Amino acid sequence: MKREEVVHIKKIYISFLVICLLLPLFTSVKASAGGERVSIGVPTLNVRTGPGLSYPVLMQAAKGEEYTVTGNDGDWYKINTPQGEGWVAEWLVTEGDSSDSPAAPAASGLTGTANEDSINVRKAPSTDSERLGTLSTGEEVSITGSVQGWYEISYRGGTAWINEDYLSLSGMESGSSDGSDSSMTATVNVESLLVRDEASLNGGIVGKVTRGESYSILEESNEWYRIKLSNGEDGWVAGWFMKVAGEEAEEKTEGTSMSEGAPDSITILYDGTNLRTSPDSQASVVERAGSGSTFDVVGTSGDWYEIRLSDGASAFVANWIVSSKKGGTSPAPETSGGLEGKTIVLDPGHGGRDGGTTGINGTHEKNLTLKTAQLVADKLRSAGAEVILTRRNDEFISLPSRVSLSHYYMADAFVSLHFDSIYDSSITGHTTYYNGSQQKDLAESVHSALSGRMPNADRGVRNGDYHVIRENLRPAVLVELGFLSNASEEANVNTAYFQDTAATSIYYGLSEYFTN
């Protein structure tokens, strides 16, 4: 045998030994990286699209949430999430069986009943996700978890997702104090609100309450209220999303009446708006109305309008998702015609290739600003103002062009609309900016109206160095309406209630400015 052949055989033998020695290690790594459960060990953890801090954030996970590991790469775990596969840093999670981990999401253990026919059951919590089947009216399902706007259910031996609008829950009725001495009650003032185990946005989630539910306040701490849920557990809710009942809150009665200032007719703002048999978000749906449909108002009941349908029957619609004949869901302020004839330029921030900031759950700022601007425009026009929008659709408009429109139309007021973002995800609230003393009065009028009506924190009036107000020779302000970097606030700014409240507030602020 030649010397070269001997050397070659030795190399093969050595390689074989190395593989035999390392194979158990590889097998161990693979086993440890698949099928295990990990629990989030910090208040908020970024789940990324790849195994490293340089990858984009897919979603944020809260402390105590549990996920299944499907792989690993160095010090990173690949996990399954409602948004797809993501990666988390190994040093920020804890390993363990699900039996030793915190409880499942707050909705777990409840039963849901389908309240409509042909409800889509989907693979993931998104209307773009694959449809797995449908449910019929009255069909019951077990709820195993929840994310914003969706319930996870047991379905055909696995799990699936249904939009929360199409399930009526048992075991989640409005709570009371069950023996508490507290005489104060508060009503949820947003579409849905998370209940936490401490008076902080960093607290663990123990439940969820929805618009219109009332609870006795057991304790108050730094604008947070401790309430007791129907399952006997208590938790904390953000006070700025609750309306504390005063003596005037007892005016709500059964039946409907035509209150002073009620509109003669309303216009539907959104396609697929539910018209219901009674003034309750859980009432049966009579029909769905399309955007632009108008109905005569025959009565009011709390925050609901009773309307007349084409066949003469009556139905109810929530006042926060319609526009009245007089210009909005909130009545117009009594003014001496201050808005009439005024030229107002509304600037929906960003657009086109400039998306602005993106929320934790994927909300694009450019879409929200346009929606808000259109609502403000409708209200202002109904009061006789001439309204100019710097953009009417998803298009890119340069900052100098936006200012030029303000100058060209000799705007009596210029309002630039935005939503904020910051590294600290606990920050929330609205802020109004001006640049120069000639803009301060407008800023204070607009912000005063916002701070008196908006459901989020008041961050005040500030001097800002933004192009659209710095280079603007007309009275101009820039309004940041909320923080998309905060998950709770992102969910709320997307609701019709928040959008209409913001639009109505800006309307009031401009009216006050021109009246004074």
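## A buried threonine

Thr-504 counts as buried because its relative accessibility is 4%, where buried means under 20% relative accessible area, exposed over 50% and partly exposed in between (1.4 Å probe, protein chains only). Thr-504 lies in helix H7, residues 496-515. In space, 9.4 Å separates the C-alpha atoms of Thr-504 and Leu-380, whereas 124 residues separate the two in sequence.

## Basis of the model

The model is predicted: local features need pLDDT of at least 70, side-chain atom pairs count only at pLDDT 80 or more, and totals for chains, interfaces and linings use all residues. Residues are numbered from 1 along each chain as its sequence is written, and side-chain values use heavy atoms, with hydrogens and water left out.

Four bridges join strand S4 (residues 66-73) to strand S5 (residues 76-81) in the antiparallel sense; strands pair if DSSP finds at least two bridges between them. Asp-73 has Trp-76 of S5 as its bridge partner. Two residues lie between S4 and S5 in this hairpin, and Gly-74 in the turn has a positive phi of about 65°.

S5 also pairs with strand S6 (residues 84-89), in the antiparallel sense and over six bridges. Here the bridge partner of Thr-81 is Gly-84 in S6.

## The chain as a whole

The protein chain contains seven helices and 35 strands, taken as DSSP runs numbered from the N terminus (helices H or I, at least four residues; strands E, at least two). Of its 516 residues, 45% count as buried.
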